[in-house]
Amino acid sequence: MSTNDTFLAVFLGSKTSAKMAAWIALPEAERRAREQQGMAAWKAWVEKHQAALIEMGGPLGKTKRVDASGIADIGNEMGAFTVVRAASHEAAAKMFENHPHFAIFPGERVEVMPVLPIPSG
């Protein structure tokens, strides 16, 4: 495999989505039980795909936008990232089917994109 087989997965979700509102509305005991179920499922996902994980990644913090107008605090849907290696873009995407991020937790989706090589010269 080469750098063309490296993919960035970005975990996305909105703090104002209906899915998040439903999650927050859960009774605390039920939400905690789902959190434990989700963490166990995520750990199982990591174990299943351990050989393909290049960078486990992790949560992303608050965002600052920098442009010609200066620096400003902004919000976006990005919550976390992971870097994987796969034989193809399709194979990388399939790794995230039914991922706990959205199958158990209130995340909405995982977007998977190739990490392109830096042009030389």
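Here is a short exchange about this predicted model.

Colleague: What should I know about the numbering and the cut-offs of this model?
Modeller: Residues are numbered from 1 along each chain as its sequence is written, and side-chain values use heavy atoms, with hydrogens and water left out. The model is predicted: totals for chains, interfaces and linings use all residues, side-chain atom pairs count only at pLDDT 80 or more, and local features need pLDDT of at least 70.

Colleague: Which pattern does the chain follow along the sequence?
Modeller: Helices (H or I, at least four residues) and strands (E, at least two) are DSSP runs, numbered from the N terminus. The chain has four helices and six strands. Read in sequence order, the pattern is β-α-α-β-β-β-β-α-α-β.

Colleague: What share of the residues of the chain counts as buried?
Modeller: Buried means under 20% relative accessible area, exposed over 50%, and partly exposed in between (1.4 Å probe, protein chains only). The chain has 121 residues. The buried share is 29%.

Colleague: What share of the contacts with a separation of 6 or more joins residues 24 or more positions apart?
Modeller: A contact means heavy atoms within 4.5 Å. Take the contacts in the chain with a separation of 6 or more. Residues 24 or more positions apart account for 71%.

Colleague: Which strands pair with E1?
Modeller: Two strands pair if DSSP finds at least two bridges between them. Strand E1 covers residues 6-12, and six of its seven residues are buried. E1 pairs in the antiparallel sense over seven bridges with E5. Over six bridges, again antiparallel, E1 pairs with E6.

Colleague: Which residue in E5 is the bridge partner of Phe11, and which in E6 is that of Phe7?
Modeller: Strand E6 spans residues 109-114, and there the partner of Phe7 is Pro114. Strand E5 spans residues 78-85. There the partner of Phe11 is Ala80.

Colleague: Is Thr82 buried or exposed?
Modeller: Thr82 lies in strand E5. Not counting residues up to four places away in sequence, Thr82 touches Phe7, Leu8, Ala9, Phe11, Leu53, Glu55, Met56 and Gly57. Its relative accessibility is 2%, so Thr82 counts as buried.

Colleague: Which backbone oxygen does the side chain of Thr82 reach?
Modeller: A polar contact is a pair of N or O atoms within 3.5 Å; within protein, one must be able to donate a hydrogen and the other to accept it, and residues adjacent in sequence count only if both atoms are side-chain atoms. For the Thr82 side chain the distance is 3.0 Å. The oxygen belongs to Met56.

Colleague: Which backbone oxygen does the side chain of His101 reach?
Modeller: His101 sits in helix H4 (residues 100-103). At 11% relative accessibility, His101 is buried. Its contacts beyond four places in sequence include Phe11, Trp42 and Arg109. At 2.9 Å, its side chain reaches the backbone oxygen of Leu12.

Colleague: Is Asn98 buried or exposed?
Modeller: Asn98 lies in the loop between H3 and H4. Asn98 is not a glycine, yet has a positive phi of about 55°. Its relative accessible area is 65%, so Asn98 is exposed.

Colleague: How many Å apart in space are Lys94 and Ser69?
Modeller: Lys94 lies in helix H3 (residues 89-94) and is partly exposed, at 45% relative accessible area. Lys94 and Ser69 are 25 residues apart in sequence. From C-alpha to C-alpha, the distance is 40 Å.
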